[in-house]
Amino acid sequence: MTIRAVVRGIGHYLPENVVENAAFEKTLDTTDEWIRSRSGIERRHFASEGETTSRMAVLAAKAALDDAGMAVSDVDAIVVATSTPDLTFPSSASMVQAQLGMERGFAFDVQAVCAGFVYALANANALVVSGQADRVLVIGAETFSRIMDWKDRSTSVLFGDGAGAVIVEKQDGTGQSSDRGILATDLNSDGRFKDLLYVDGGTSTGTTGYLRMQGNQVFRHAVEKLAATAQTAMTRAGVTHDEVDWVVPHQANIRIIQGTAKKMNVPMEKVIVTVQNHGNTSAASIPLALSVGKQSGKLKTGDLIVTEAIGGGLAWGSVVFRL
Ligand code: UT7
């Protein structure tokens, strides 16, 4: 018998404040046309004052619990993927635990920037498979608007805020790729690429800092590494590209999404794309896309789904699961 972590519920939260590309034309030497054609982004949501990462995570978690038909008392553990915690510590996950009124279990954060959700889901899978927890709430939540240098046109037009959540639950499987649940994971990092994407603040500076990115350098790594990690996870899962129902990629740039799908031999009709409406929401982008994909009726029970993401670190990875 094989233990599987099966996705039971998916939910998300997006801040009300929507900012169109054109708004940046007033303050920066940029155009809607440049942002659209280079990234695929048309608009993004920004958190309002007082709207924190943990608050958005809680709202996404509640939506996922509703979707699963579960109460917070059913949850054994919370894992939050974020690079924009409310405070340096305690973890955003423990703040979410308190705000949800959860009085038992355990909670911790995962910090792998844009690959954070894939890392968190892989860790949740390990908790379930090893018997540490039967039900895990996995959240990706970010307020990247708070680490933007608004004078930097090469980064500030690309990111957005939001949160998405899934609940995975232990279920017995057969060990075959026809099982529901997480079938395989693949995680990678290479710290030698730190300078390509980082935030220039922390305890070393005493400031929160701003995001700095050599976008075209990150781009060069993205398609190749994403296609490779997806292929590794698919091989481990025992599935081939023609069996894939949906690719749910990290939403950083439509050209990366298209290039990766092409390399994976999966047509764009089978790719969930939300980058036009959300921008790059880092660790929140995959659970947001999963939730939007489910709500739109595209993602259905039994579908074979491949998620893949890359970000600061560099860190990248993939999770293959059957919904
Ligand atoms: O999620 C974490 C991982 N991050 C990513 O995956 C991001 C990966 N990178 C990208 O998405 C793309 O590299 C960008 C969208 C960031 C940039 O697209 P690009 O085609 O790689 O452009 P570039 O950085 O090579 O810049 C081309 C030109 C430059 O001008 P020059 O040097 O050719 O004169 C930039 O200064 O575009 C200029 N530029 C802009 N122009 C108008 C940069 N930002 C802007 C802007 N508006 N906002």
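Modeller: Gladly! By class, the lining of the largest pocket has 17 polar, 9 nonpolar and 4 charged residues. Please keep in mind that this is a predicted model. The lining comprises 30 residues, and those nearest the centre of the pocket are Ser 83, Thr 84, Pro 85, Val 199 and Thr 208. Strand E9 (residues 197-199) gives the largest share of this lining, with 3 residues. As for volume, the largest pocket has about 840 Å³.

Now to the helices. Helix H6 (residues 215-237) and helix H7 (residues 254-264) have axes that come within 9 Å and cross at roughly 40°, which makes H6 oblique to H7. Their crossing is right-handed. On the H6 side, the contact includes Phe 219, Leu 226 and Met 234, while residues of H7 that take part include Ile 256, Thr 260 and Met 264. This contact of H6 with H7 has 9 nonpolar, 2 polar and 3 charged residues.

You can then turn to helix H2 (residues 53-68) and helix H3 (residues 92-100), which pack at an angle of about 55° with their axes 9 Å apart. That angle makes H2 oblique to H3, and the crossing of H2 and H3 is right-handed. To find the contact on your screen, look for Ser 54, Arg 55, Ala 57, Val 58, Ala 61 and Lys 62 in H2, which meet Ser 92, Met 95, Val 96, Gln 99 and Leu 100 in H3. By class, these residues divide into 6 nonpolar, 3 polar and 2 charged.

Definitions and conventions:
Residues are numbered from 1 along each chain as its sequence is written. This is a predicted model: local features need pLDDT of at least 70, side-chain atom pairs count only at pLDDT 80 or more; totals for chains, interfaces and linings use all residues. Side-chain values use heavy atoms; hydrogens and water are left out. Axes are lines fitted to C-alpha atoms, for helices over the stretch in contact, and angles run from 0 to 180 degrees between N-to-C directions. Helices (H or I, at least four residues) and strands (E, at least two) are DSSP runs, numbered from the N terminus. Angles under 35 degrees count as roughly parallel, over 145 as roughly antiparallel, 65 to 115 as roughly perpendicular and the rest as oblique. A crossing is left-handed if the near helix is turned anticlockwise from the far one by less than a right angle, and right-handed if clockwise. Contact means heavy atoms within 4.5 Å. Ala, Val, Leu, Ile, Met, Phe, Trp, Tyr, Cys and Pro count as nonpolar, Asp, Glu, Lys and Arg as charged, and the others, Gly among them, as polar. On a 1 Å grid over the protein atoms alone, a cavity is a set of points where a 1.4 Å probe fits but cannot get out, and a pocket is an open set with protein on both sides within 12 Å along at least five of seven lines; lining residues have an atom within 4 Å of a point. Grid points are joined across faces, edges and corners, and a volume is the space filled by probe spheres set on the points.
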